[in-house]
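Student: I have a structure to go through with you. Can we start with the ligand?

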Amino acid sequence: MILIGLTGGIGSGKSTVSSLLAKRGAVIIDADAITRELQQRGAPLLGVLAERFGAHIIAADGSLIREELRNIAFSDADALKDLNKIVHPAVATEMDRRMEEVRNTDKVVILDIPLLTENPRKGLCGIVVVDVPVEVQVARLAEFRGMKEEDARAVIAKQATREERTKIADQVIDNSGDLESLQVQVDAVWQWAQQLPPATEDAGTRESKTSPNENP
Ligand code: ATP
């Protein structure tokens, strides 16, 4: 496999870029999507979370009340630490499992990891950063997610800066323009990715422990 790390700030356009790459034939392993899947109604991880944080975080239909969990995690540093200790290894294991499935193929595999700058991975064949000015991030999060400006800015302030991210990038996608401009850049990234040498045996494993301040 050719293993590419894809990252960018909240609302920068990672999922949009991932789906454009998927259309071109890439395999996408999306950390956020896996996190959501593992916390779906009835998932075993919910039992573990309820044991630590209380049964009131689970709704009558068995689904997770995210708001409730978020409130607990953000009002108590130990709770956030414990939450990360429960969720991160489960997500990591599932990401590893999916990587192993394609390791011995010639596919281009995209690891979509929002906090890749903060939590580096070994042996990536390349890193793609989706970059937008903070004002564009805030505007898109408000328009498409209904997020309050101050909330968007608070999350952005906790993440790596644009400079920190672009420093680790092999390819920077400027997503401040329209979707047509994005398509052109994704085409170029796809061409670049396909000619990279394949990943080594341990590629994709974490270089250090996950950051304690990740969002639940
Ligand atoms: P998150 O960090 O929350 O996972 P993300 O980085 O994956 O977000 P997307 O979900 O891809 O970002 O994009 C955020 C929003 O902006 C989406 O609604 C998407 O449709 C929109 N968007 C992305 N790129 C553009 C663009 N070039 N022009 C207009 N809207 C865009």
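Student: How far is a polar side-chain atom of K14 from an oxygen atom of the ligand?
Tutor: 2.7 Å for K14. That falls under polar contacts, meaning pairs of N or O atoms within 3.5 Å. This is a predicted model: local features need pLDDT of at least 70, side-chain atom pairs count only at pLDDT 80 or more, and totals for chains, interfaces and linings use all residues. Residues are numbered from 1 along each chain as its sequence is written, and side-chain values use heavy atoms, without hydrogens and water.

Student: What about S15 and the ligand?
Tutor: A polar side-chain atom of S15 is 2.7 Å from a ligand oxygen atom. S12 uses a backbone N or O atom instead, 3.2 Å from an oxygen atom of the ligand.

Student: How much of the ligand's accessible area does the protein cover?
Tutor: 79% of the 630 Å² that the ligand has on its own, by the Shrake-Rupley method with a 1.4 Å probe.

Student: New topic. At what angle do α2 and α5 pack?
Tutor: About 115 degrees, with the axes 10 Å apart. Axes are lines fitted to C-alpha atoms over the stretch in contact, and angles run from 0 to 180 degrees between N-to-C directions. Helices are DSSP runs (H or I, at least four residues).

Student: Which residues of α2 meet α5?
Tutor: A31, I34, T35, E37 and L38 (heavy atoms within 4.5 Å).

Methods:
A polar contact is a pair of N or O atoms within 3.5 Å; within protein, one must be able to donate a hydrogen and the other to accept it, and residues adjacent in sequence count only if both atoms are side-chain atoms. Helices (H or I, at least four residues) and strands (E, at least two) are DSSP runs, numbered from the N terminus.
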